[in-house]
Amino acid sequence: MSVVLETAQLSIGYRTQGASSVVAEGLDLSLSRGELVCLLGANGVGKSTLLRTVTGMQASLSGVVRLDGHPLEEISARERAQKVAVVLTDSIDIGQLRVRNLVSLGRYPYTDWAGRLRQTDTERVAWAIRAVGAADLQDRFVNELSDGERQKVLIARALAQDPTFMALDEPTAFLDYPHRLEIMRLLRDLAWNENRAVLLTTHDLDLAMRMADRLWLLQPDGQLVVGSPEDLVMNGRLQNLFPSAGGVTFDVTSGSFQLAAPRGLPMQVVGDGLAAVWAGRALSRIGVCVTSEQPVATVLAEGESGTARWTVTHGATVQAVSTLADLVNYVRTQVVAKTTRRGDDDGAFG
């Protein structure tokens, strides 16, 4: 894969009244064609500042940013607009503009002084709309679109520029989970299938872990750690970026944040399939410790979706239920409550 973007000893931040405020420094980074990179970090560490700097929207404090081997400041604005496409989260008043017209704006770096679109430009716009799956939206007004539809259209506008480097700031913000997944899969496909270099900032660790080829982890001290998602978990760098707090920990097995393991009543779930899996999830949600070690009660999960049933055995008491809501209610009121009261009396539970 050929390198599209690279930095050498890059220092980013702000200049105010002759003084510099450094956000991060000494950054040596690279981004190649066919690669999707997610930039992660806590709020306020400078993710957007880094993205704006490497795209030329904000001046660096020192160091070099190269695009296709050339220093960014030596590339003309027209050529830069042909090579780099940026999608920000800033709200823009588009007015009564149809989707096709908005996507067409991505072709203006290639048009003459009058902004006339040639046949090749029109074809490229149509291709960009199809590429993001928005063909059914092209005649609609942009201000009538949902957040997910609007985000796809903005990506189509960026894609119409035919850039080698696409940079997106929080492209999945404010979207529901299915649309976040759809947008991330679209960006990965654009990187892999269209041979683009794609960089995006995100707070969505789960999607970044599942979709990104590499992660850039920007830490509060300004240091930046780079690696594949799996390597960063294995070497401990990812969990160090997000230290445990408030009973929330990073689970290295699933690659996601989890509530700390409950210290509540030990219960065992017996059975296979979804009935057992979701019974365990439901019990964990109410603070039960699902374990086979010295359980005070057992849940037998049987059947498949639509016909599942669960049988709770607690001492000499056996109770069957047909929904997980009933299971949760029974365990809370009849098992946990009674066992905890007895444990308080015996000093066994607290």
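This is a predicted model: local features need pLDDT of at least 70, side-chain atom pairs count only at pLDDT 80 or more; totals for chains, interfaces and linings use all residues.
Colleague: In what sense do strand S14 (residues 266-270) and S15 pair, and over how many bridges?

Modeller: Strand S14 and S15 pair in the parallel sense, over 2 bridges. In general, two strands are said to pair if DSSP finds at least two bridges between them. Strands themselves are DSSP runs (E, at least two residues), as are helices (H or I, at least four), and each kind is numbered from the N terminus.

Colleague: In which order do the 5 strands of the open sheet stand?

Modeller: The order is S15-S14-S16-S17-S18, and the pairing is mixed. Strand S15 (289-290) and strand S18 (317-321) have a single partner strand each and stand at the edges, so one side of each is left without a neighbour in the sheet.

Colleague: How do S5 and S6 pair, and what do they form?

Modeller: S5 and S6 are antiparallel, with 2 bridges between them, and they form a hairpin with 2 residues between the strands. Leu-67 stands opposite His-70 in S6. In the turn, Asp-68 has a positive phi of about 50 degrees. S5 is also joined to strand S1 (residues 3-16), which runs antiparallel to it, by 5 bridges; there Ala-8 stands opposite Val-64 in S5.

Colleague: How many salt bridges does the structure hold?

Modeller: Side chains of opposite charge can pair when their charged atoms come close. A salt bridge is counted when a side-chain nitrogen of Lys or Arg lies within 4 Å of a carboxyl oxygen of Asp or Glu. The structure holds 13 of them. One of them joins Asp-68, the residue of the hairpin turn, to Lys-83, at 2.9 Å from N to O. Asp-68 lies in the loop between strand S5 (62-67) and strand S6 (70-71), and Lys-83 in helix H2 (residues 77-83), so the pair ties together parts that are 15 residues apart in sequence.

Colleague: Are Arg-107 and Asp-121 buried or exposed?

Modeller: A residue is buried under 20% relative accessible area, exposed over 50%, and partly exposed in between (1.4 Å probe, protein chains only). Both Arg-107 and Asp-121 are buried. They form a salt bridge in which the closest N and O atoms are 3.0 Å apart. This pair links distant parts of the chain, 14 residues apart: Arg-107 is in the loop between helix H3 (99-104) and H4, and Asp-121 is in helix H4.

Colleague: With which residue does Arg-196 form a salt bridge?

Modeller: Its partner is Asp-162, the closest N and O atoms being 3.0 Å apart. Arg-196 sits in the loop between H6 and S9, and Asp-162 in the loop between H5 and S8, 34 residues apart. Arg-196 is buried, with a relative accessible area of 5%, whereas Asp-162, at 33%, is partly exposed. Salt bridges that share partners join Arg-124, Asp-162, Glu-194 and Arg-196 into one network.

Colleague: What radius of gyration does the protein chain have?

Modeller: The radius is taken over C-alpha atoms, and the globule rule is 2.2 Å times the number of residues to the power 0.38. A compact globule of 350 residues would come near 20 Å, but the protein chain has 26 Å. The chain has 11 helices and 18 strands, and buried residues make up 43% of its 350 residues.

Terms used:
Residues are numbered from 1 along each chain as its sequence is written. Side-chain values use heavy atoms; hydrogens and water are left out.
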